[in-house]
Amino acid sequence: MPNTITALTMPKFGLAMTEGKLASWTAKVGQSVQQGDELADIETTKITSSYESPAAGVLRKQVAQAGETLPVGALIGVLADADTPDVDIEAFIKNFHADTPADATATPEANSGEPKLVTVGEHTLNVRDVGTQAGTPLVLVHGFGGDISNWLLTQDALAADRRVIAFDLPGHGASSKNVGTGTLTFLAGVVSDLLQTLKIEKAHIVGHSLGGGIALTLLRDHPDQVASLNLLAPAGLGKDVNADFISAFVESESSRDMKAVLQMLVYNKALVGRRMVDAVLRARRLDGARDALRVIAKACFPNGHQVDDLRPVLAGGAAPTQIFWGKEDEILSVSNASGLPQMIPVKVFEETGHLPQLERATDVNTAIATFVKDPEAALSMARMDATA
Amino acid sequence: MAKKSFRQAINEALRQEMRRDPRVILMGEDIAGGRGGSAGITDAWGGVLGVTKGLWEEFGDDRVLDTPISEASYIGAAAGAAATGLRPVAELMFVDFVGCCLDQIMNQAAKFRYMFGGKATTPLVIRAMYGGGFSAAAQHSQALYPLFTHIPGLKVVIPSSPYEAKGLLIEAIRDNDPVIFLENKVMYDDEEDVPDEAYAIPFGEANVTREGDDVTIVAIGRMVNMANAAADELEKQGIGCTVIDPRTTSPLDEETILESVSETGRLVVVDEASPRCNMACDISALVAEKAFFSLKAPIRRVVPPHTPVPFSTPLEKLYMPDATKIAAAVRSITSSQKQKVA
């Protein structure tokens with residue numbers, strides 16, 4: 001039986017990524033690893049994320065060195081059995097360069113993946129639309145002060161069997177900065193208009209934080225447009241929100257201050273790299289961006305209290321819903337997830353902060369994919385698990 | 001978001017601010033330039049290196065003013081216009097020409113707020129090219145930002161990339177004090193992603209362009225790119241560098257520099273200005289005074305020799321700080337053995 005040799009290549013976090021920097025190796029040469037074990041930290045223009053082993057084996061060779069920036073798909077290391085001869089490893093590395101195209105790991109997609117500006121009423125929204133046309137589309141709604149890059153590890157992973165749309169909310173990212181009254185009702189109205197503009201009758205909605213509150217409001221105001229809800233640490237289910245975070249997240253001017261603010265979002269503080277901080281600051285500096293966030297903050301959570309109580313929306317069971325929360329969430333406490341109707345599965349992740357879609361990307365993606373494939377079946381499975 | 005050159009980024013900042021605020025006007029030598037005559041040419045030059053190209057066509061004679069070759073008169077006029085309600089952006093072409101109009105800058109524009117009891121504001125921007133490496137010889141190659149940094153009442157901005165240039169110039173135009181905005185003439189064709197929208201980068205907030213544990217490198221303007229290149233090379237050899245771009249030498253973000261040195265314990269300052277009384281001296285003094293007990297090694301300055309910038313290309317190359325010289329300075333304070341050998 002020939003020995004198995006696995007190529008470790010520069011991963012692709014989102015379609016916009018063309019190259020990544022190997023920040024550091026976390027596994028040593030000669031170390032045995034299981035599938036899913038962390039091998040290295042990869043830094044992109046958006047985030048530093050861990051590179052998990054695609055298979056079990058021994059890390060035989062680190063082809064790329066720490067600090068090296070390589071195109072997506074480039075060989076960074078080799079995994080093999082302990083008894084694979086070194087000469088085979090060397091031959092593998094030599095041949096890899098010869099016959100593997102640089103985009104070998106790129107996922108096939110129908111669209112280019114470049115975000116486009118779409119006119120929705122008086123708004124210009126930055127929309128990234130990927131995936132195939134089959135199946136009910138899925139729409140990702142980011143949180144307060146976020147943008148489409150919050151779905152860096154989510155959007156393409158869910159696009160295998162349906163259309164997946166991420167967009168910048170008004171006032172955020174590259175969208176126009178008019179946020180009207182800044183209320184959840186207003187923002188949910190914009191999402192409803194966006195769906196109509198994109199000729200989507202009904203969509204699965206994934207909402208994070210404020211985006212979760214928007215998703216719930218959309219279900220309340222436009223129930224016909226919502227096929228199901230996946231909510232990540234959503235707003236609207238409790239009274240308090242971390243007011244210090246909100247004001248510092250809007251007002252911080254320096255990289256030093258913003259880094260400290262962004263670290264509140266995650267459990268693993270090392271995830272917040274210089275480039276992530278820079279990307280957030282760049283969005284904040286655009287004319288009108290800070291004012292837009294101030295309007296939303298004042299309308300939705302003045303003085304650290306949430307204005308909207310959206311628990312009644314979930315009580316009726318108007319759409320199949322599942323909820324995710326990080327146990328160490330410093331922005332919206334995980335206690336918000338208690339006392340919900342029993343039919344709603346709540347997944348709480350250990351050692352996770354306010355961004356489960358980044359810190360627990362694989363788990364979240366798998367759970368969402370399973371859920372939207374057949375929400376009713378997923379719900380009855382969850383009920384069986386709960387009663388077992 | 002499109003890739004834009006340093007030149008385009010500056011042009012776009014001027015255009016967007018002129019559209020936003022009718023009080024913003026441009027003055028300078030040949031900033032429209034060369035129009036008229038029998039050939040009917042309009043807007044031929046757009047400045048000596050084409051930075052203001054197309055602005056005269058959009059905004060016309062009232063707002064894009066070609067001036068005589070008389071720095072004393074038009075810089076003085078710009079200072080007066082600023083004090084009386086306009087927001088002029090005056091182009092000094094080469095910063096080396098400041099000798100002809102230093103009184104207007106140093107003793108007039110910089111002092112109005114103070115001499116008139118806080119009742120006058122002077123929202124004036126003076127743009128000028130600086131720097132060596134262009135074979136432009138000693139009278140067109142100086143990096144005179146230390147001269148301006150020395151004068152209270154002026155703000156001094158030195159952008160290190162196209163993104164930085166656009167955001168800092170917009171901030172400069174919106175600022176109510178006289179701002180000296182210095183563009184490195186070697187960088188006009190550098191490109192990077194620059195948002196189409198207007199944005200402002202606040203003054204006095206340093207940018208950290210690399211993160212590492214062993215050495216803090218503070219670099220000014222074009223030297224930031226050199227420092228980044230050195231840091232990337234050193235990282236492969238296991239030496240981690242934090243690179244700090246102060247963005248503005250006045251005001252100076254002391255906190256970011258001191259905090260970083262307190263973590264790394266080592267400082268290298270890279271400055272292409274003449275070595276006596278330059279930013280490298282200023283920042284070294286700051287660290288020696290306020291972070292002395294954090295230092296594990298002597299401070300190193302990577303600066304040119306105290307001589308006019310040579311015209312000869314090989315000599316100019318020898319004169320200018322570069323990535324190799326920066327890396328050597330870093331190694332000299334990170335490897336104690338090497339230090340002994342040296």
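**Salt bridges and interfaces**

Author: Between A:Asp287 and B:Arg174 there is a side-chain salt bridge, 2.7 Å from N to O. The term stands for a side-chain nitrogen of Lys or Arg within 4 Å of a carboxyl oxygen of Asp or Glu. This is a predicted model, in which local features need pLDDT of at least 70 and side-chain atom pairs count only at pLDDT 80 or more, while totals for chains, interfaces and linings use all residues. Residues are numbered from 1 along each chain as its sequence is written, chains are lettered from A and ligands numbered from 1 in the order in which they are written, and side-chain values use heavy atoms, with hydrogens and water left out.

Reader: How many salt bridges does the rule find across the interface of chain B and chain A?

Author: Side chains of opposite charge can pair when their charged atoms come close. Across the interface of chain B and chain A the rule finds 5 salt bridges. Polar contacts there (N or O atoms within 3.5 Å; within protein, one able to donate a hydrogen and the other to accept it, with residues adjacent in sequence counted only if both atoms are side-chain atoms) come to 8 residue pairs, both residues at pLDDT 80 or more.

Reader: Which elements of chain B supply the side that touches chain A?

Author: Elements are DSSP runs numbered from the N terminus: helices are H or I with at least four residues, strands E with at least two. On chain B, α7, β9 (207-210), α8 (223-236) and α9 (254-264) each supply at least two residues of the side touching chain A. The largest share, 4 residues, comes from β9(B). Sorted by class, that side of chain B has 9 nonpolar, 3 polar and 12 charged residues. Here Ala, Val, Leu, Ile, Met, Phe, Trp, Tyr, Cys and Pro count as nonpolar, Asp, Glu, Lys and Arg as charged, and the others, Gly among them, as polar.

Reader: What area is buried between chain B and chain A?

Author: The size of an interface is often given as the accessible area lost when the parts come together. The value is taken with a 1.4 Å probe and summed over both parts. For chain B and chain A it is about 1700 Å², and carbon and sulfur atoms give 40% of it. In chain B, B:Tyr163, B:Glu211 and B:Glu235 lose the most area to chain A, together 26% of what that side buries. By contact (heavy atoms within 4.5 Å), 24 residues of chain B and 15 residues of chain A take part.

Reader: How many salt bridges and polar contacts does the rule find across that domain interface?

Author: The rule finds 1 salt bridge between the domains of chain B, and 15 residue pairs in polar contact, both at pLDDT 80 or more. B:Arg247 and B:Glu164 meet in a salt bridge of 2.6 Å, N to O.

Reader: Which part of chain B does B:Arg174 tie to helix α1?

Author: B:Arg174 forms a salt bridge with B:Glu17, the closest N and O atoms being 2.9 Å apart. B:Glu17 lies in helix α1 (residues 6-20) and B:Arg174 in helix α7 of chain B, so the pair ties together parts that are 157 residues apart in sequence.

Reader: Are these two side chains buried or exposed?

Author: Buried means under 20% relative accessible area, exposed over 50%, partly exposed in between (1.4 Å probe, protein chains only). B:Glu17, at 0% relative accessibility, counts as buried; B:Arg174, at 26%, counts as partly exposed.

Reader: What does B:Glu91 pair with?

Author: B:Glu91 forms a salt bridge with B:Arg127, with the closest N and O atoms 2.9 Å apart. B:Glu91 is in strand β4 (residues 87-94) and B:Arg127 in strand β5 (residues 125-130) of chain B, 36 residues apart. Both B:Glu91 and B:Arg127 are buried.

Reader: Which residues do salt bridges with shared partners join into one network?

Author: A:Asp287, B:Glu17, B:Arg20 and B:Arg174. Over all chains, the search of the whole structure finds 37 salt bridges.

Notes:
Buried area = accessible area lost by both parts, 1.4 Å probe.
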